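Consider how aromatic side chains may be arranged within a protein chain. A pair of aromatic rings is described by the distance of the centres and the angle of the planes.

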Amino acid sequence: MATRTWDVKEQFRFPQSFGVPMEIKNVAVTPQCEVAEKEDFIQVVGIYHITCHVKFEEGEQEHHATSEFTEIEDLDVQGEVGYFEYAVPMSIEIGKDKLKEGSKPTVHVNHINSKPTQQMAIEIGWTVHCDYEEAPVPKPVEPLVELESPNPAEPMEVKNPKGEEFELQFILDLDDGYSKLSFPSNNVFVKQKADE
């Protein structure tokens, strides 16, 4: 089983009419996803569903125009506590060669942290774990060693290890059931001293 792990962080701002966020009472992050098979990879797509209760105090907050914050316009307020939900998009890709055939990845989160920030906003962070069964690693194939073979089109000279008397002696020593006639074998011509 293999696991990919990474951290995600989101910052949220609220309208001035709610006041200043002072405390996060309750926060939950739940991954909701489905697995889609593409040509070369498996893709996990969905959302991280955030639910949060925030305690506000009266006060003014400065709004700085920045893209780091997600503006939350709609809160369900009961007294000093506001409740909101938000969906953060999720997309995870795993190569088919890394995933065991027939298995599907699973996603879960933990280490959910939340805090008010200096910019009159709140920050929610969590750790994502994507678990999947790894494909078995194929054993490396040893390369075949090619031996050089003589070219049948070229004549080849046979060396006589024991001198002239040994030449063709093995043919003369054959039993009567074998022919002693010479035939070319695979079009390989052997140069003989008698032919010279």
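**Aromatic rings in the model**

Phe-14 and Phe-84 are both buried, where buried means under 20% relative accessible area, exposed over 50% and partly exposed in between, with a 1.4 Å probe and protein chains only. The model is predicted: local features need pLDDT of at least 70, side-chain atom pairs count only at pLDDT 80 or more, and totals for chains, interfaces and linings use all residues. Residues are numbered from 1 along each chain as its sequence is written, and side-chain values use heavy atoms, leaving out hydrogens and water.

The structure holds six aromatic pairs. Rings of Phe, Tyr and Trp (its six-membered ring) pair if their centres lie within 6.5 Å; planes under 30 degrees apart count as stacked, over 60 as edge-to-face and the rest as tilted. Strands (E, at least two residues) are DSSP runs, numbered from the N terminus. Phe-12 is buried, with a relative accessible area of 0%, whereas Tyr-86 is partly exposed, at 27%.

Phe-14 and Phe-84 also form an edge-to-face pair, with 5.5 Å centre to centre and 65° between the planes. Phe-14 lies in the loop between E1 and strand E2 (20–37) and Phe-84 in strand E6, 70 residues apart. Ring pairs link Phe-12, Phe-14, Phe-18, Phe-56, Phe-84 and Tyr-86 into a cluster.

Conventions
Helices (H or I, at least four residues) and strands (E, at least two) are DSSP runs, numbered from the N terminus.
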